[in-house]
Amino acid sequence: MTAALFILIPLAAAIAAAAVPSRLSHWVALAGSMVLVAHGLVAAVFFGAWGTGAFALASEATWLRPLGIELALGADSVAMALVLLNCLLLPLCVAGSFTAVQERQREYYAWMLGLAAAVNGVFLARDVVFFYICFEFTLIPLFFLIAIFGGPNRERASIKFFLYTFTGSLFTLAGLLYVAWQASLAADGAWTFSIAALTDFASTQLSAEQQGMVLLALMAGFAVKVPLFPVHTWLPLAHTEAPTAGSVLLAGVLLKLGTYGLFRFALPMVPTAVEEYAPFIATLSIIGILYAALICWVQDDVKRLVAYSSVSHLGFCVLGLFALNPVGAQGSVLYMINHGLSTGALFLCIGMIYERFHTRDMDAMSGLARRMPVWAFFMVFFTLSSLGLPGLNGFVSEFLCLFGAFISTRDATTGYPGPLGPWYAAIAGLGMILAAMYLLIMLGKIVFGPPKVPGGAGHGHDDHGSPSALPTDLSPREIAVLVPLAVLCLAIGLQPKPLTDAIEGSVIETLRPYARLAVAASEAQPEGGFVLAEGIDRATERATRPLVSQREHSRLAGAEEGAAP
Amino acid sequence: MSPFALLAATGTATVPIDAASAAAAIPAAIARPELAWAGWILWLPAISAILCTACAAFRVKGKLPAWITIGLLGIASVLVFALYGRVDGPTTIHLFDWIDIAWTGRGPDAPREGIVASFAFYVDGLSLLWMCFVVPLGTLIALYASEYMEPDVGRGYPRFFAGVSIFLFAMSCLVLGDNLVLLYLGWEGVGFASYLLVGYYYTKPSAVAAAKKAFIVNRVGDLGLALGIFLIWLNYGTVEYDGLFHALAASGGEGEAGWSVRAIPFLLMLAAFGKSAQLPLYVWLPDAMEGPTPVSALIHAATMVTAGVYLIARTYPLFHLDPLALPLVAWVGGLTALFAATIGMAQHDIKRIMAYSTISQLGYMFLGLGAITAYGAVYHVFTHAFFKAVLFLTCGAIMHGFAGQLDLRKLSGLAWMPGWRVVAWTMLVGCLALAGFPGLSGYFSKDLILAEAFVSSETRPGWGYAFLGWLGLATAAMTAYYAFRVWFRVCAGPVHFEPGDEAHDAAEDHGGHDGHADHAGHAAAGHDDHGGHGSGGFHPHAPRLAINGVLVILAIGAVLAALPCFIGGDAAHPGWVEWMAARSSAASGVPPHDVHAHPAAFFGLDPHKAMYYVSAVFGIVGLSIAAWLHLLDRGAADRLRNALLAHPLLRWIPLGAERKWYVDELYDIVIRMPLWFLGHVLGFIDRYIVDGLLVDGIARIPRFFGRFIQPLQNGVLQGYAVAMAGGIAFIVAGVVVLFWIWRLGA
């Protein structure tokens, strides 16, 4: 029931927000989202699976069992962390929209709360069908949020966003159904849609070719959602046209549906194929990192710049995931959270500027730090978080992702396969330099420089007569929206250990198929992957290790195993 | 023997110092949790930064931020000395866990394969030495800035002191951290503090550009550091110094090391060259002079830029992993020293001259590191911190008093003006030390490096160390010339001055009132206590107690810094600095003193003794030329320049030196422009090819056919749907094809 409440509370709040009069709906939405946060905090405190690979908060509805569908919910620590991120961002988005949205508020808040419910459903689903329903349902609220409340080009953006991601996820559905079909064939016609059961089946029973097909199908949907390099073009458009809160949720949690999907499905389900394809996917993410970063550099539209920076940043996230070792994967999960915090906050900051000046053109404004020092403080803070300044959250995850990719070499003693290697990290690391370039250029253009305010009114402290009558600098409400994010950024940057400890079990559990491969390779410890390095004196072992690749080991070992029976 | 002959002589009989034995010489660190109070050395500046930010938030009008900073940094200095008294030999102090990823099980007995980087200190002679000048110097410069930044009270004042506090926090992390990841935190942290402070006058486009440039150029080096850290982990399984030295010692050094081991020193070097402004990454430092002068003194002269020297000294054993590593450090250092000195001789802005001088002196330090005298390098860091801080702070006092005037052609005779005597004479002390005048601190530290370069030519022939020694001597003469060019022009000669065209705080001061950034207008707008503009009604604004007091203290420090060369150590290491360096990783691989003390490497003489005379001669020659051209016959300098300009074959000398050898322009054309162009091309490709042609174009195909088949169909939605399917199918097909190509290739 605890898990179900994560979906039911925002749904109830959505219905309430749609039912009450317009002038009250934002308060209802705020109250509902605060209840959700409170529920999340309580659930987090009593959550039993922190630090382990197990699932907690299990609840299931049995009335669909005849169809093989169990409406099962539950969360491991990674899912829980992402649910909490979603719950946290929701009230901030609601409060951040108080002045920005002045008409059709009931629809606005209802869609937003509905979106949060669907996102929570995706993270909590333990059943493929429910997962897919929620995954697709997220498109509908966001479609309306963009199409009704978006910028001038909103129609094209919303349709493109909807159809692009919808088409992609059809392939994902096909892939998942194929796995379920194969599983039912193997089980004499007994269908199951349980993620755990299908994962077990697919990772052990499917042939390499079948796994490759399934991975392609999964990637088709998840890569669009992430978005990975060649299929990213819906994102800048959707981000630019979406209302502020839509952008925040889009960057904060909706993109994470893609990486979460990769983490939850692709990695554990089809390990053989993932290991084969990992260099290729990593290459795509590196292309994305550099390509999007260079495009960021020449943007004039600040929101578009941050949108492209998401493409670049998520490249790091996917790179870390496909390093297929715990460092990279933990970095990747941490990246999902951190990117949600810092990029979400950047979109909020930009939204505050847009509300005041009704432009996103970086050439139209300059030196806003003098006019809005408090805003400038937050803008600089979150930009630094985004470019990975150590001491703030972005650094930890970026560092771990690159680290994971770097040490993912074939002869590493990490006990995991090493599909990538130093060159991947070195080239992706160029993205660090480019990120500093485009983000500091952005700061130099809008925050610093000679004071200039859009609209030619360069003088003094007159208000621009925006309909919402916002103060020159941030209002207490706006500060209250940004402060929790800033505190979290700093806290995760200085003290990431509680978070990494909490998600460690899930990450190792997800990577278990790979640890097994590695154990078969080294033949060191037949009983499990965790104690692989036992008794190895690292320094001498490394110095004398023969240069036989892990992969060849695994092939040899696999051949022997195949020959034995 | 000509230097070129030495360069050409290829000796294979190098003395390889192997990394394993170098690391084995470092004693294992002792964990001492009872010293956890030392953590306050970090927390006090952090608290100061928070309080200063709070002052900014509550719009405190007054000098409260300065007093907070000075007070807390003062306490931190006391703690540094307290720690100094309680530490003997390498010590680790654990504060709290930071990054800790392990995947081979937990528990006391479980083997740990993982990456661990804690907030913890590794305290030994090297880190203590650094802290002993970083924190007290920071306190003194904060005191100086409390007066210098006066015009900004109530505006940028808290922001300035918050920046200084953040800097000291980060620098302490960098120096005291017990692992490379914490060093990386400090490394980028000081870069960020530098970004904040260089861009302090943020309404000035040049300041914003300089801040950006400093951060971005440093990021190139940071990438090197990050990759170096990864490689170190990959090879040694740890990023903590203690474990690293242990693993390095255990690695035995048998056989030929692989590329992944040998690349480590070069990556670390890249980081050091970025932070310490060496070729080819030095370009950010001269521009960084856009920041307030106390910042230039603290960050861009005395402390932050020496972080590269610290990094190499700290990881010195790793630099023996490849025989090319240390000679390369020496060559880069020697060439940078000469290169920056040539530019420094031709500039007119005294602060820029000091900036190039800093680059040049840092070059000496790297030459020292490369010549296997980490002690000499560290000693030069120590003395340079004092005398260069004095020089920058005197420049700052002049700038402060003469409404931003920094052109040495427009100032003269300061030593004879009332109120300016302290500035002029402390500047003289700084210039003498910089020029290596016998008896002053810079003389001893520079000589150590130069002498060791000649010693290395004997012990490690074939790498051109002797040539570098001569290069260093030539640079010493140039250094004396440009230092005294400044002093003779500005402080000696007849009294004459013109005020600058803007006060140092002009952009900050006036931008808020009239809301435009027309800098030309600022001087005309006037500045209440600087008087009007034009030399007629202008009254220089002589420094008061805080500035003068700090100048005198630092000048005394610059003189007394000569003493640690001789006293304060023990029998084997007579000088305090040497003694400190000997008790750290910087000593590893350095042969014991008596072994190499007396080779006849310099014309049959012991270079250490000969250098006292030779470098003094070079220094005095440079000083005399400066005296002739800039004191006795000031017209002669211009005549010489014009004569050179008129000469068709030699005109490149003054032109190139004045234009900084066009390096900025070169980088702009070679790096920035192509990338910028590539960005636009990719933006175009993204919009019109990836999105337009592939996605939308495929979307149009069904509509195109639909026109023939079913003209009435409104195909927008469906078109897109089919298009997306087609697009995905296309991409999937591409993926498959590429995958097969890749697999065939593999």
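These notes cover the chain contact, the nonpolar core and a surface patch in a predicted model.

1. The interface. Chain B and chain A bury about 7900 Å² between them. Carbon and sulfur atoms give 73% of that area. The contact draws 83 residues from chain B and 88 residues from chain A.

2. Salt bridges across the contact. The count between chain B and chain A is 2. D100(B) forms a salt bridge with K497(A). Their closest N and O atoms lie 2.8 Å apart.

3. The core. The largest nonpolar core holds 471 residues. W375(A), F382(A), W130(B) and F484(B) touch the most other members. Helix α16 of chain B, residues 374–401, gives the most to this core, with 19 residues.

4. Around W375(A). Neighbours within four places in sequence are left aside here.

5. The surface patch. Chain B carries a nonpolar surface patch of about 840 Å². Its residues are V552(B), I556(B), V559(B), L560(B), L563(B), F566(B), I567(B), Y612(B) and Y613(B). In chain B, α22 (545–560) and α25 (607–632) each supply at least two of the patch residues. The largest share, 4 residues, comes from α22(B).

6. F566(B). This patch member sits in the loop between α22 and α23 (576–582) of chain B.

Note on methods: Residues are numbered from 1 along each chain as its sequence is written. Chains are lettered from A and ligands numbered from 1 in the order in which they are written. This is a predicted model: local features need pLDDT of at least 70, side-chain atom pairs count only at pLDDT 80 or more; totals for chains, interfaces and linings use all residues. Side-chain values use heavy atoms; hydrogens and water are left out. Patches are made of residues with over 30% relative accessible area and no salt bridge: like charges are joined within 9 Å, nonpolar side chains (Val, Leu, Ile, Met, Phe, Trp, Tyr) within 5 Å. Accessible areas come from the Shrake-Rupley method with a 1.4 Å probe; for residues, only the protein chains shown count as cover. A salt bridge is a side-chain nitrogen of Lys or Arg within 4 Å of a carboxyl oxygen of Asp or Glu. A nonpolar core is a set of buried Ala, Val, Leu, Ile, Met, Phe, Trp, Tyr and Cys residues joined through side-chain atoms within 4.5 Å. Buried means under 20% relative accessible area, exposed over 50%, partly exposed in between (1.4 Å probe, protein chains only). Contact means heavy atoms within 4.5 Å. Buried area is the accessible area (1.4 Å probe) that two parts lose on being put together, summed over both.
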